[in-house]
Amino acid sequence: MTLVERTLNYLQERIDKLTNGGVNSIPSPLIRFSDDFIGIEQKKYSVVTGSQKSGKTQLASYLFLYTPLMYAYNHPDKVRVKIFYYPLEESPEDVMLRFMSWLLNVMSRGKIRVSPTDLQSSRNSKPLNSEVLDLLRSAEYNKVLKYFEDHVEFSSSRNPTGVWNEVKKYMEEHGKVVTKKQKIKDEFGRLLEVDAFDYYEPDDPDEYVLVFFDHLSLVQVERGMTLKQTADKLSEYCVNLRNRYRVTPVIIQQQMAEMESLDAYKQNKMRPTAQGLADTKYTSRDCNVLLGVFSPFRHELKEYKGYTS
């Protein structure tokens with residue numbers, strides 16, 4: 001099948017899917033911004049950026065972890081999900097606690113609001129209400145929590161090559177790579193004919209495979225590379241996973257420390273930008289969506305307390 005034929009067939013399939021009641025994206029929970037961020041699509045690479053402690057992980061989790069999981073849970077006939085989670089900044093237990101806190105609020109329709117801190121009874125004077133724990137153990141909640149555990153795979157890989165090999169292996173076990181003959185020259189200048197990658201056919205076209213990497217500054221440096229080169233390599237792999245295998249990568253990336261200074265605050269230059277990305281700017285070039293998280297209150301609090309940076 002030629003490239004033109006594949007593309008035309010792809011466009012027709014997208015029309016037919018909507019006509020038959022399917023979806024081409026997981027709808028955005030941010031209704032007011034749905035024109036700018038329509039939701040989660042296959043083959044889209046997103047970067048979530050902001051200063052330290054600005055809520056990057058919380059927003060990214062809401063958009064790219066909780067939303068697709070619950071949508072797939074509620075619409076199993078339309079969407080399936082698989083999420084490779086790389087928790088470099090926290091443990092899987094921390095991620096689960098945040099999800100439990102969010103789930104309690106959502107499933108109780110806002111009646112139960114328990115932070116992860118209170119969920120753990122961290123305050124000596126405030127043990128967790130046993131009714132909340134019983135609720136989490138109930139069949140209704142346990143079904144969702146088991147779905148989370150079955151569809152989110154926490155990985156110990158910390159370097160780009162580990163991410164690439166892990167996700168690529170999964171995709172090739174759940175789909176077919178179609179190759180084409182291509183002529184190349186070897187190191188001696190001899191012309192060789194090899195089987196080169198042409199396109200990928202997934203076993204389940206409605207499965208959304210996400211890669212959630214939190215966060216870029218903590219990536220394990222590859223042998224012989226600097227931190228920037230390693231970050232660029234991870235972004236390059238994300239592009240290849242997106243373009244070849246229809247994967248949806250999500251990277252959390254901090255802003256440079258200079259963007260958090262009191263001088264930047266006074267000059268009203270606090271909002272995250274592509275130029276302010278720490279470690280590498282190439283992620284902004286490679287990604288499809290760049291989401292900035294802005295939390296000015298934290299800096300107002302610093303100034304109030306007399307902090308200088």
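**Close-up views of a predicted model**

**Figure 1. Tyr-73 is partly exposed, with a relative accessibility of 22%.** The cut-off for a buried residue is under 20% relative accessible area, and for an exposed one over 50%; Tyr-73, at 22%, therefore counts as partly exposed. The structure shown here and in the following views is a predicted model. It holds 15 aromatic pairs. In one of them, the ring centres of Tyr-73 and Tyr-147 are 5.3 Å apart and the ring planes stand at 75 degrees, so this pair is edge-to-face. Tyr-73 belongs to helix H2, and Tyr-147 to helix H6 (residues 139–151); the pair therefore ties together parts that are 74 residues apart in sequence. Tyr-147 has a relative accessible area of 16% and is buried.

**Figure 2. Phe-84 and Tyr-170 form an edge-to-face aromatic pair.** The distance from centre to centre is 5.4 Å, with 75 degrees between the planes. Phe-84 lies in strand S4 and Tyr-170 in helix H7 (residues 160–173), so that distant parts of the chain, 86 residues apart, are linked by this pair. Both residues, Phe-84 and Tyr-170, are buried.

**Figure 3. Seven aromatic residues are linked into a cluster by ring pairs.** The members are Tyr-66, Tyr-85, Phe-99, Trp-102, Phe-148, Phe-154 and Phe-212.

**Figure 4. Six strands form an open sheet with parallel pairing.** The strands follow the order S5-S4-S8-S9-S3-S10. Strand S5 (152–154) and strand S10 (289–293) stand at the edges; each has a single partner strand, so one side of each is left without a neighbour in the sheet. On average, neighbouring strands of this sheet are turned by 20 degrees against each other, direction ignored.

**Figure 5. Strand S4 runs parallel to its partner S5, and helix H2 packs on the sheet.** Strand S4 covers residues 80–87 and is joined to S5 by three bridges. Ile-83 has Val-152 in S5 as its bridge partner. Helix H2 (residues 56–74) touches strand S3 (46–50), S4, S5, strand S8 (207–214), strand S9 (248–254) and S10. The direction of helix H2 makes about 155 degrees with that of S4.

How values were computed
Residues are numbered from 1 along each chain as its sequence is written. This is a predicted model: local features need pLDDT of at least 70, side-chain atom pairs count only at pLDDT 80 or more; totals for chains, interfaces and linings use all residues. Side-chain values use heavy atoms; hydrogens and water are left out. Two strands pair if DSSP finds at least two bridges between them. Helices (H or I, at least four residues) and strands (E, at least two) are DSSP runs, numbered from the N terminus. Axes are lines fitted to C-alpha atoms, for helices over the stretch in contact, and angles run from 0 to 180 degrees between N-to-C directions. Contact means heavy atoms within 4.5 Å. Rings of Phe, Tyr and Trp (its six-membered ring) pair if their centres lie within 6.5 Å; planes under 30 degrees apart count as stacked, over 60 as edge-to-face and the rest as tilted. Buried means under 20% relative accessible area, exposed over 50%, partly exposed in between (1.4 Å probe, protein chains only).
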